[in-house]
Amino acid sequence: MASGLFTFRGKSSARADIMLGLGVAAALILAWEAVARAGFIQPQFLPAPSRVLGALWSMTTTQGLLWHAFVSTMRVWVAFLLAAAMAIPIGIMMSSYRVVGASLEPTIDFIRYLPVPALIPLSIIWFGVGEETKIFLLWLGTFFQLVLLVADDMRRVPHEYVEIAFTLGAKPRQVLTDVALRAMGPTLVDNLRITLGWCWTYLVLAEIVAADSGLGFVIWSARRYVKTPEVMAGVVVIGLIGLVTDQLLRAWHRRMFKYL
Amino acid sequence: MDPAYIGFENVTKSFGTVPVVSSTNLSITRYSFVVFLGPSGCGKTTLMRMVGGLDSPSSGTIRLDGEIVSAPDRRRGMVFQSYSSFPWLTVEGNINFGMRYRNDLSVEERAARVTHYLRLIGMDDFRTSYPNRISGGMRQRVAIARTLAAGSDVLLMDEPFGALDALTRERLQVELRQIQREERKTIIFVTHDVEEAVFLADRIILFSARPARILRDIDVAAVLGPERPLEAREGEAFFRLRNEVLHMIRNETGGQR
Ligand SMILES: Nc1ncnc2c1ncn2[C@@H]1O[C@H](COP(=O)(O)OP(=O)(O)OP(=O)(O)O)[C@@H](O)[C@H]1O
Ligand SMILES: [Mg+2]
């Protein structure tokens, strides 16, 4: 079963892969625990995983960690869906009609290179420190990247598919919905998944600067009192949410594109 | 039979300043199987695409049944060498694809046509398979069936069997020739392969190197007749014609093809 694991570009079963991945993760955690317990490093720099776990529990019971996680997740998803809802049609149009592509590309390319942190002050001036600022910053960080990725996915749809559809009697609109969207589906969903990951990066940033809730806020507050286990616990929660989301989206991808 | 079902009238084509097709006049009769043969890069694909309405001539006109071709429609279906079938649709879904855009067919008629063409290409058992799970030869069969089901009168085939192994290729040639006769279709077929050209064609149009110009118009049907069973390729007439065409290519195009 596992022999393929050791061959160059070999094949192995999904179970062997998962066991191996979990095994390595467990080994790393154990090593960390051992190093932390050995006492060479002060616990406020490197607390043991068991203490992080303890912090996780006490934060859940006394500080409403789950609520903070929920708030952060909502922010990410609202901003992400907003960005996707705009980026998908605009990106497709950019690659379908030269007039749209030629007029938008320079602007989008410029904004794409603006570092999001540099826009935080501006965003606070515009939107104050409420939810709008956070959503705006996340949207800013993802929309301009995503729109170019979508445009690229659309451009990569083989021309043959489009031409075949035309010679089978499809109209441009039908070619768009029945061919282009279907052909770009798998890479589009992949790009959405990757972009969603970036959203979390900007979230923490936004919550550190301007928030009184969310995981970024939790991490930053804990840092002020050098509660390192709590800082780490906050980071772990973000990692876990990311991992679960990613796996769910992958599973959905496999179901949706069974033909691949 | 009208003499000019598909007609090229003084057709030229340039891409930018590069002339690709020099003034071409050609008329193709209905229900004939015409093969375009010529050196690599001479403009065969471009000529075929113009018939499909996917490219337009720089000057001159192409007519189908008297009407000037200006845009693609379902009367002329393309079959390419690669990306020929839609990977997200099953075999059945692929064959049904073009019929979705026809409102002259009832649901039952569509289903009946799908079944008919599935049988015609001998792929009844693969109805629900996805293209990634079937062989390259089967994918080309599906592409042919899809074009027929959509109701195309003309099949434009650009080296459709170019990527297949020799045996599969031979089988498909026999089947295609049979389908063309049974379904009464007009086919323009582009190939590099002289043997394939001779086996399939009623008529071979031999083109020069770029810019494409008609060098020879070879009446294959007069020599080999309309029926092309597999054994036809073993006959003496077939060999003689094949060698003749090969010589023409060597003499007139400097040996490349
Ligand atoms: N869209 C285009 N823009 C510019 N040049 C083109 C375009 N399409 C084709 N050409 C050029 O026109 C010439 C003829 O191309 P075409 O594909 O028609 O040749 P072909 O006979 O089908 O070649 P092959 O045997 O390699 O398929 C080639 O030199 C090609 O580079
Ligand atoms: Mg070609």
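User: Hi! Starting with A:Val218, does that residue count as buried or exposed?
Analyst: A:Val218 counts as buried, because its relative accessibility is 7%. Here buried means under 20% relative accessible area, exposed means over 50%, and partly exposed is in between, using a 1.4 Å probe and protein chains only. This is a predicted model, where local features need pLDDT of at least 70 and side-chain atom pairs count only at pLDDT 80 or more, while totals for chains, interfaces and linings use all residues. Residues are numbered from 1 along each chain as its sequence is written, chains are lettered from A and ligands numbered from 1 in the order in which they are written, and side-chain values use heavy atoms, with hydrogens and water left out.

User: Thanks. Which helix is A:Val218 found in?
Analyst: A:Val218 is in helix α9 of chain A, which covers residues 215-224. Helices are DSSP runs of H or I with at least four residues, strands are runs of E with at least two, and both are numbered from the N terminus.

User: And what does A:Val218 touch?
Analyst: Leaving aside residues up to four places away in sequence, A:Val218 touches A:Met59, A:Leu65 and A:His68. Contact means heavy atoms within 4.5 Å.

User: What about A:Pro43, how many Å separate its C-alpha atom from that of A:Val218?
Analyst: Their C-alpha atoms are separated by 20 Å, and the two residues are 175 residues apart along the chain.

User: Zooming out, what does the secondary structure of chain A come to?
Analyst: Chain A has ten helices and zero strands. Its C-alpha atoms fill a box of roughly 75 × 60 × 30 Å along the principal axes. Of the 260 residues in chain A, 40% are buried.

User: How much accessible surface does chain A have?
Analyst: About 14,700 Å², and 70% of that belongs to carbon and sulfur atoms. Accessible areas come from the Shrake-Rupley method with a 1.4 Å probe, and for residues only the protein chains shown count as cover.

User: How many helices and strands are there in chain B, then?
Analyst: Chain B contains eight helices and ten strands. Its radius of gyration is 18 Å, close to the 18 Å that the globule rule gives for 257 residues, so chain B is as compact as a globular protein of that length. That radius is taken over C-alpha atoms, and the rule is 2.2 Å times the number of residues to the power 0.38.

User: What share of chain B counts as buried?
Analyst: 53% of its 257 residues count as buried. The accessible surface of chain B comes to about 11,000 Å², with 47% belonging to carbon and sulfur atoms. Its C-alpha atoms fill a box of roughly 50 × 40 × 35 Å along the principal axes.

User: On to the interface: how many residues of chain B are in contact with chain A?
Analyst: 26 residues of chain B are in contact with 19 residues of chain A. The area buried between the two chains is about 2,100 Å², and carbon and sulfur atoms give 66% of it. Buried area is the accessible area (1.4 Å probe) that two parts lose on being put together, summed over both.

User: Which residues in chain B lose the most area to chain A?
Analyst: They are B:Tyr83, B:Trp88 and B:Tyr101, together giving 36% of what the chain B side buries.

User: What is phi of B:Tyr31?
Analyst: Phi is near 65°, a positive value in a residue other than glycine. B:Tyr31 lies in the loop between β2 (18-28) and β3 (33-37), and counts as partly exposed at 31% relative accessibility.

User: Last one: what is phi of A:Arg9?
Analyst: A:Arg9 has a positive phi of about 55°, although it is not a glycine. A:Arg9 is in the segment before α1 (14-38) of chain A, and is exposed, with a relative accessible area of 74%.
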